[in-house]
Amino acid sequence: MHTISGKNLSREELEEVNKWLLENRINTQRLRREFSDVLPLAEIFKRDYPRLVDLYNYPKKSSVQLKLANWETFNFKVLSKFNMTLSRDFMEQMANGVSGAAEILLHEVIRLEKRQRVAVERNASLRQEQTWEENDEVKTVVVNKQIGDGIVQVPQKMILYSLYEKQARDSQAKDVIIDAYQQRLAHMESIIKIKSERIDELLMQMGKLPQKRTTLTPSTCCFVLDAKDSITRQNPTSADPDSAT
């Protein structure tokens with residue numbers, strides 16, 4: 001059982017605590033007063049271990065004696081589950097808001113979080129190891145590996161070559177299927193493009209799509225004539241009385 005009591009934090013440890021406070025959005029200006037009661041700490045543990053902490057057991061108190069009672073309850077019901085305990089003197093420091101006490105406790109909380117992460121990762125690794133051991137196709141062999149200037153033997157997971165060949169064949173077969181679908185998709189896109197162009201041509205012939213307009217230039221300009229002017233231009237002699245004489 002690890003007993004937490006008063007001590008002096010190093011500069012690096014204080015920086016670590018301040019960084020943790022910022023990440024958890026905790027006001028550092030009122031840290032000593034806020035953490036004189038156990039409720040803020042209980043809320044942190046409730047977030048990480050919801051089944052372990054019941055906030056109704058730690059109502060907010062104002063007097064030092066009632067705050068101390070809250071610390072004693074939390075110490076027994078929660079911290080002891082993590083192999084931690086607060087000394088009586090340290091709980092009194094917390095209840096009285098002694099400068100530096102809250103930082104010491106929060107640094108212990110940070111250390112606990114690290115230990116819990118390591119434990120979770122270790123358990124996950126052990127479960128994976130157990131899965132590999134139960135799988136006859138996965139074997140553990142010892143290989144020589146150079147680390148620095150020396151050669152050390154390290155265990156390495158290996159699979160049967162027959163299993164590797166099967167996986168490789170399956171992968172190649174899937175690649176062939178993917179290529180075939182991609183070629184079919186490209187062919188269908190080409191057909192759709194040709195069909196769309198043909199439909200546009202038919203609609204244009206039926207007058208349902210506007211034809212492309214030709215840009216007018218001096219060489220392509222034409223005059224719109226009325227019927228009389230057209231006849232006059234075609235038969236200039238009939239239009240001029242003097243020309244008949």
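What percentage of the 245 residues in the chain is buried? I looked that up to get going, and buried residues come to 21%. For my notes, buried means under 20% relative accessible area, exposed means over 50%, and partly exposed lies in between (1.4 Å probe, protein chains only).

**Ground rules.** I'm working from a predicted model, where local features need pLDDT of at least 70 and side-chain atom pairs count only at pLDDT 80 or more, while totals for chains, interfaces and linings use all residues. Residues are numbered from 1 along each chain as its sequence is written, and side-chain values use heavy atoms, with hydrogens and water left out.

**Layout.** I found ten helices and four strands in the chain. These are DSSP runs numbered from the N terminus: helices are H or I with at least four residues, strands are E with at least two. Going along the sequence, I wrote down β-α-α-α-α-β-α-α-β-β-α-α-α-α. I also checked contacts, meaning heavy atoms within 4.5 Å. Of the contacts with a separation of 6 or more, 53% are between residues 24 or more positions apart.

In soluble globular proteins, nonpolar side chains tend to be buried together.

I clicked on Phe-74 to see its partners. Setting aside neighbours within four places in sequence, Phe-74 is in contact with Val-38, Leu-41, Ala-42, Phe-45, Tyr-58 and Leu-79.

**Two helices crossing.** How do H4 and H5 cross? Their axes come within 9 Å and cross at roughly 130°. Axes here are lines fitted to C-alpha atoms, for helices over the stretch in contact, with angles from 0 to 180 degrees between N-to-C directions. H4 and H5 are therefore oblique to each other. I noted the cut-offs: under 35 degrees is roughly parallel, over 145 roughly antiparallel, 65 to 115 roughly perpendicular, and the rest oblique.

Then I listed who meets whom. From H4 there are Val-64, Lys-67, Leu-68, Trp-71, Glu-72 and Asn-75, and they meet Arg-88, Met-91, Glu-92, Met-94 and Ala-95 in H5. By type, the residues of this H4 and H5 contact are six nonpolar, one polar and four charged. In that count, Ala, Val, Leu, Ile, Met, Phe, Trp, Tyr, Cys and Pro are nonpolar, Asp, Glu, Lys and Arg are charged, and the others, Gly among them, are polar.

**Helix H3.** I picked two residues here. Leu-39 is found in helix H3 and is buried, with a relative accessible area of 18%. Not counting residues up to four places away in sequence, Leu-39 touches Leu-55, Tyr-58 and Lys-60. I also checked Lys-61: it is 22 residues from Leu-39 in sequence, with 8.9 Å between the two from C-alpha to C-alpha. Arg-47 is in helix H3 too, but it is partly exposed at 46% relative accessible area. Leaving out neighbours within four places in sequence, Arg-47 is in contact with Asn-24 and Glu-113.

Is Phe-82 buried or exposed? I found it in the loop between H4 and S2, and at 14% relative accessibility it counts as buried. Beyond its neighbours within four places in sequence, Phe-82 is in contact with Phe-45, Tyr-49, Leu-52, Leu-112 and Gln-116. Met-1 is 81 residues away from Phe-82 in sequence and 8.6 Å away in space, C-alpha to C-alpha. Asn-83 is also found in the loop between H4 and S2, and counts as partly exposed at 43% relative accessibility.

**Positive phi.** Arg-25 has a positive phi of about 55° and is not a glycine either. I located Arg-25 in the loop between H1 and helix H2 (31–34), where it is exposed, with a relative accessible area of 78%.
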